[in-house]
Amino acid sequence: MHEKNRRRPHRLRAGAPLVVLFAFLAAAAFGGCSGGKPATPASSSEAGQSAPADATGGIHKIKHVVVIMQENRSFDSYFGTFPGADGIPVNDGAFAVCVPNPAGGNCTKPYHDSADENRGGPHGAVSATADIDGGKMDGFVAEAEDRKNTSCTDLFDPNCAATGKSDVMGYHDAREIPNYWTYAQNFVLQDRMFEPNASWSLPEHLFMVSEWSAKCAPHDVASCVSELRAPDYPPDWKHTNNPGQAVKRPDYPWTDLTYLLHKNKVSWKYYVAEGTEPDCENDEDVTCIPKPQRVGTPGIWNPLPWFDTVHQDGELGNIQTLDHIFADAKAGTLPAVSWVAPNSATSEHPPALISTGQAYVTNLVNAIMQGPEWDSTAIFLAWDDWGGFYDHVVPPKVDVNGYGLRVPGVVISPYAKQGYVDHQVLSFDAYVKFIEDDFLGGQRLDPKTDGRPDPRPTVRENVPVLGNLADDFDFTQTPRQPLILDPHPQPGPASSP
């Protein structure tokens, strides 16, 4: 968009000082913050709120899709009291659920948690099954209590639970996450967004970029079988106590979305926090000795360096440090498709501070809104798994791998409907489907048609229950103005059950 046609964002107050590294980078590129008046939430089930007739055709107004993936929060833990959403069940103004606590011989009701630092609970495949408990959705407290004595050596081990009082039944609202609630009030909140796999972060990130998590013999795609617990681990996983030990790098030979993007000359980038070396320095090495590095994006949140396709297409350079997204947003050079992964401090993965994660996300969104490509961008914000926190909705079962538990999902775009609550069944598969419909003419990661067969059990984009993200947009409306928020806002108002 030409500079003379850019609309000025709303500005109400100057920005506060930034406390995280990449928030500083954003502030260096763009100054100023503002707030906006919340909209009254609408609903996808309300009359007159269905997608416009030209919604699918208008999808091509979106030239840039940005997926911001945070960590370890359930829908009910962040939006369980959001007006108009399918939140924590209520009866006569009080919460109607009480989750058993076998260790205490009682049960625990949901409660408002004002803490900025949470503990969460175990969130691997076994814990997902236990938390869901055959559809009762009552295993959260027991799992958190049972795993407290687990010996853990890694902060991100999905089998671990922190010591101390369990907080998996706690929920937050605009008092702790005012910016997230403001985005939901002014854009689109999805209350049926499910993790694509019933498991933890590494399988989820594999699904996010490839629609599958598998275990394979090296470079042998025909050998791949579904694996939710232990797909090949990245070199930095569980090797922190032996930094000089040579480790075998993982190999993901099945087809990922970047293969189709490269094949169709569609640009992409995967932005990671500085400090993570994408691969062995020698591309041909099977093993390498990791070099000492600063804290960055953990490998379990950055799987693309070990996909065969990324190596074969010569696109390792598309995996870039986080400062590049701020530069790209400012310069108007965002790729068509991008994913953004945090570091441990900005991730909201317990015990990371919620406020630090919210500030990081706000600065990312502000940077994109203040750049020249805001008018053609869709931002999809989500949290990769439930983190052991309570959620009351039973996940649909679409195949042997999922869906997993419900997580928050927010759509931020100049074409997003205002104050809209989307009740469609969604998973991160819907992001891939949207990208394919927008940039690839509807081509799917389908072994029968994509030119690179693999033995995946399901073409996830074609699952009948999966909704269409085009319903979250009104492509007939005048593009919305930027909504620039303070990365360090004052607490918002209390919610009620």
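## Strands and the sheet

Two strands pair if DSSP finds at least two bridges between them. Helices (H or I, at least four residues) and strands (E, at least two) are DSSP runs, numbered from the N terminus. By these rules, strand β2 (residues 64-70) and strand β18 (residues 377-383) pair in the parallel sense over 7 bridges. Val67 has Phe380 of β18 as its bridge partner.

Both strands belong to an open sheet of 9 strands with mixed pairing. Its order is β1-β20-β9-β19-β18-β2-β17-β14-β16. β1 (42-43) and β16 (319-321) stand at the edges with a single partner strand each, so one side of each lacks a neighbour in the sheet.

## Basis of the model

This is a predicted model, where local features need pLDDT of at least 70, side-chain atom pairs count only at pLDDT 80 or more, and totals for chains, interfaces and linings use all residues. Residues are numbered from 1 along each chain as its sequence is written, and side-chain values use heavy atoms, with hydrogens and water left out.

## The chain as a whole

The protein chain has 11 helices and 21 strands. Of its 497 residues, 61% count as buried. Buried means under 20% relative accessible area, exposed over 50%, and partly exposed in between (1.4 Å probe, protein chains only).

Contact means heavy atoms within 4.5 Å. Among contacts with a separation of 6 or more, 83% join residues 24 or more positions apart.

Axes are lines fitted to C-alpha atoms, for helices over the stretch in contact, and angles run from 0 to 180 degrees between N-to-C directions.

Helix α11 (residues 429-439) also packs on the sheet. It touches β2, β9 (188-190), β17 and β18, and its direction makes about 170 degrees with that of β2.

## Aromatic rings

The structure holds 24 aromatic pairs. Rings of Phe, Tyr and Trp (its six-membered ring) pair if their centres lie within 6.5 Å; planes under 30 degrees apart count as stacked, over 60 as edge-to-face and the rest as tilted. The Phe75 and Phe79 rings have centres 5.9 Å apart and planes at 35 degrees, so this pair is tilted. Both residues lie in helix α2 (residues 75-79), and both are buried.

Phe82 and Trp181 form an edge-to-face pair, 5.0 Å centre to centre with 65 degrees between the planes. They sit 99 residues apart: Phe82 in the loop between α2 and β3 (90-91), Trp181 in helix α5 (residues 178-186).
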